[in-house]
Amino acid sequence: MTCTEFLAQLDDMLDQDAAIPLRADLQEHLMECEHCEITLNTTRKTIEIYRSHEIYELPDDLRERLHQAIVSKCRKC
Amino acid sequence: MSSSIQSQGAAEVHPDVLLVERARQGDIAAFEKLVKQYDRQVFRISQHIVQNREDAEDVVQDAFLKAYEKLDQFQGNSKFYTWLVRIAVNESLMRLRKRRTGRMVSIDEDVETEEGSMPRDLADWSPDPEALYGQSEMADILRKTIQGLPPGFRTVFALRDVDGLSTEETAEALGLSIPAVKSRLLRARLQLRERLSRYFKNRDEKPAAAKLSQEGAK
């Protein structure tokens, strides 16, 4: 398996539960290709980091203001 | 329940469908419940697209108001949330266009870039990259990094990976085909990975490429 063929399967590997063993041919490629191993692990980490950090929080006071504005506009509809 | 809304199976009616039905009959408190349930997600998605807080606030208001006005068009054959996200994405793209002085912005913009199709920076990351930075510094890095992606890429990533929509739901919310979502998602993920490597790479370790060539020379 070439790196290009491996990368074509990357999405499926990332979307699959990390606890489930990878397909044998993908596993075999990973054993001999450090590039692809790093790419898989760091891309998985990229997703985890974005998922676990709330970078666009909605503060309570702003939330309250938005609710009031939305409801008051809805009443006028 | 009104026959205008199709329930997904007789035994299972999503609670949102009941709230939508009540809101349609003029129960604003029912609609407010939907707002409280989804406002944070809508705000987050809009921020990811417009990259501007004031615009994101406007998008939240406009998207919910538009959803309220169009409740009759919600058929119930998709989730209310997916339907709402579609409205919010369209509103966000309109805002982005206004900010760019009328230049057209679409979900297809800049997706032809080759960047990210193949990984270039192959240095491994520090074992615990999150320990390298404080909470607020990390948030700055993540915002700055995703900001550099074309809107079409960061939108797909925000819906699929941050918000947790399925590939099918993301495709429906964006009006894209499933292969188009998959291709954009892969490239968004690889571009973000590449850009984050600047901050997270393991400084003590030689790049994998160098190590491999050294091994090959043995």
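Which residues in α2(B) meet α3(B)? From α2(B) come B:Phe31, B:Val35, B:Asp39, B:Val42, B:Phe43, B:Ser46, B:Gln47 and B:Val50. From α3(B) come B:Arg53, B:Asp55, B:Ala56, B:Val59, B:Val60, B:Ala63, B:Phe64 and B:Tyr68. Two residues are in contact if their C-beta atoms, placed from the backbone, lie within 7 Å.

This is a predicted model; local features need pLDDT of at least 70, side-chain atom pairs count only at pLDDT 80 or more, and totals for chains, interfaces and linings use all residues. Residues are numbered from 1 along each chain as its sequence is written, with chains lettered from A and ligands numbered from 1 in the order in which they are written.

**Helix packing in chain B**

The residues of the α2(B)–α3(B) contact divide into 11 nonpolar, two polar and three charged. Here Ala, Val, Leu, Ile, Met, Phe, Trp, Tyr, Cys and Pro count as nonpolar, Asp, Glu, Lys and Arg as charged, and the others, Gly among them, as polar. Helices (H or I, at least four residues) and strands (E, at least two) are DSSP runs, numbered from the N terminus.

Two packed helices are described by the angle between their axes and the distance between the axes. Axes are lines fitted to C-alpha atoms, for helices over the stretch in contact, and angles run from 0 to 180 degrees between N-to-C directions.

| Helix pair | Angle | Axis distance |
|---|---|---|
| α2(B) and α3(B) | about 140 degrees | 8 Å |
| α6(B) and α8(B) | about 95 degrees | 8 Å |
| α7(B) and α8(B) | about 105 degrees | 9 Å |

Angles under 35 degrees count as roughly parallel, over 145 as roughly antiparallel, 65 to 115 as roughly perpendicular and the rest as oblique. α2(B) and α3(B) are therefore oblique. α2(B) passes α3(B) in a right-handed crossing. A crossing is left-handed if the near helix is turned anticlockwise from the far one by less than a right angle, and right-handed if clockwise.

α6(B) packs against α8(B) at about 95 degrees. That makes the pair roughly perpendicular. α6(B) brings B:Gly152, B:Phe153, B:Arg154, B:Val156, B:Phe157 and B:Arg160. Residues of α8(B) in this contact include B:Val181, B:Arg184, B:Leu185 and B:Arg187. By class, the contact has seven nonpolar, two polar and five charged residues.

α7(B) (residues 167-174) also packs on α8(B), at about 105 degrees. α7(B) and α8(B) are therefore roughly perpendicular. B:Thr167, B:Glu168, B:Thr170, B:Ala171 and B:Leu174 of α7(B) meet B:Ile178, B:Val181 and B:Lys182 of α8(B). This contact has four nonpolar, two polar and two charged residues.

**Domains of chain B**

Chain B is divided into domain 1 (15-99) and domain 2 (129-211). These bounds come from an automatic or database domain assignment. The domain centres, taken over C-alpha atoms, are 25 Å apart. In the contact, 11 residues of domain 1 meet 12 residues of domain 2. On the domain 1 side, α2(B) and α4(B) (80-99) each supply at least two residues. α4(B) gives the most, with five residues. That side has five nonpolar, five polar and one charged residue.

Chain A has five helices and zero strands. Its radius of gyration is 22 Å, well over the 11 Å that the globule rule gives for 77 residues, so chain A is more spread out than a compact globule. The radius of gyration is taken over C-alpha atoms; the globule rule is 2.2 Å times the number of residues to the power 0.38. Along its principal axes, the C-alpha trace of chain A spans about 65 × 25 × 20 Å.

The contact between the chains takes 40 residues from chain B and 30 residues from chain A. On the chain B side, the elements giving two or more residues are α2 (28-50), α3 (53-69), α5 (135-147), α6 (151-162), α8 (178-200) and α9 (208-217). α2(B) gives the most, with 10 residues. The chain B side divides into 23 nonpolar, four polar and 13 charged residues.
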